[in-house]
Amino acid sequence: GRNDGLAHALREAGRSVYVWPALRIDPVEVAPSAVPSPDDFDLAVFVSGNAARLYLRQAFPSGGQWPAACAAATVGPASAQALRDSGFFGAETTLIHPGSQAATHDSEALWQCLRARPLPRRALILRGTQGRNWLADRLRAHGVEVFIHAVYARQPQAWSAQQVAQVRHWAATQQHPNWLITSGESIDAIAAQAARAGVLGWMRQCRYLITHPVLRQRLEGALGGDAPVAMVKECLPVDEAIFEALVAG
């Protein structure tokens, strides 16, 4: 449901929208005694809204309140809003994240926010089973004790027979939709599905919207071939920016 609002806005603007998640999110089940408590940390970093939702379910199965002594951080305003909407964070909670006008919403941007304040003694990073270690490495290099807790696993979502028929129809009729790509794992999953459907060459002629510049090279590599991908645009990973980029063509 993460893209429902964006899909509705695009349809209202006269666009045809297909919501095809490239990945599924599988919660990582752990014993209650193995869930790290925010009371033991000065900082908790949520890498995504899913990380926030699933960790809060683990840490507060019967409800509760986030401890004021543990600051919370996210890589952007969308994930920060997920925390505010959760009901666990009161006005006294310190919430750190790059602003909506930041050049990027990623670990690098969050690091600049963290460096502007006294660094924590102990930090908890809440993420998937796979992910970048860049921020953890920076924190450790500055003397912070870092604990990583995986709350979900991302698995490729297989295309249905109907979806395979749809992309083959687009390829046969030389239609080239815009694809919204938000992670490297999504790129790999989509490329694998396209290869199985026999439309990988056609995929290079489509248009792509990515939400971080590092995805460009991964997209080029995953789709293969010698010619460059027809068109790749970049925008911030927030619905308003994505909407404007897609409507603009």
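## Helix H2

In helix H2 (residues 49-59), the buried residues are Ala51, Ala52, Leu54, Tyr55, Leu56 and Gln58. Buried means under 20% relative accessible area, exposed over 50%, and partly exposed in between, with a 1.4 Å probe and protein chains only. Helices (H or I, at least four residues) and strands (E, at least two) are DSSP runs, numbered from the N terminus. The buried residues of H2 pack against strands S1 (23-27), S2 (43-46), S5 (122-128) and S6 (145-156), and against helix H3 (77-86). Contact here means heavy atoms within 4.5 Å.

The model is predicted: local features need pLDDT of at least 70, side-chain atom pairs count only at pLDDT 80 or more, and totals for chains, interfaces and linings use all residues. Residues are numbered from 1 along each chain as its sequence is written, and side-chain values use heavy atoms, with hydrogens and water left out.

Ser107 lies in helix H4 (residues 107-115). Its relative accessible area is 17%, so Ser107 is buried. Not counting residues up to four places away in sequence, Ser107 touches Val75, Arg132, Trp134 and Leu135. The C-alpha atom of Ser107 is separated by 10.0 Å from that of Val45, 62 residues apart along the chain.

Two packed helices are described by the angle between their axes and the distance between the axes. H4 packs with helix H5 (residues 134-141) at an angle of about 30°, and the axes are 9 Å apart. Axes are lines fitted to C-alpha atoms, for helices over the stretch in contact, and angles run from 0 to 180 degrees between N-to-C directions. H4 and H5 are therefore roughly parallel to each other; angles under 35 degrees count as roughly parallel, over 145 as roughly antiparallel, 65 to 115 as roughly perpendicular and the rest as oblique. In this contact, Ser107, Glu108, Leu110, Trp111 and Leu114 of H4 meet Trp134, Leu135, Arg138 and Leu139 of H5. By class, the residues of the contact of H4 with H5 are six nonpolar, one polar and two charged. Ala, Val, Leu, Ile, Met, Phe, Trp, Tyr, Cys and Pro count as nonpolar, Asp, Glu, Lys and Arg as charged, and the others, Gly among them, as polar.

## Helix H7

Helix H7 (residues 184-197) and helix H9 (residues 215-223) pack at an angle of about 15°, with axes 9 Å apart. That angle makes H7 roughly parallel to H9. Gly184, Glu185, Ile187, Asp188 and Ala191 of H7 meet Leu215, Arg218, Leu219, Ala222 and Leu223 of H9. The contact of H7 with H9 has six nonpolar, one polar and three charged residues.

Gln193 is also found in H7. With a relative accessible area of 8%, Gln193 is buried. Leaving aside neighbours within four places in sequence, Gln193 is in contact with Gln157, Ala158 and Trp159.

## Gln174

Gln174 is placed in the loop between helix H6 (161-172) and strand S7 (178-181). Its phi is near 55°, a positive value in a residue other than glycine. Most residues other than glycine have a negative phi. Gln174 counts as partly exposed, at 47% relative accessibility.

## The whole chain

The protein chain has ten helices and nine strands. Its radius of gyration is 20 Å, close to the 18 Å that the globule rule gives for 249 residues, so the chain is as compact as a globular protein of that length. The radius is taken over C-alpha atoms, and the rule is 2.2 Å times the number of residues to the power 0.38. Buried residues make up 42% of the 249 residues.
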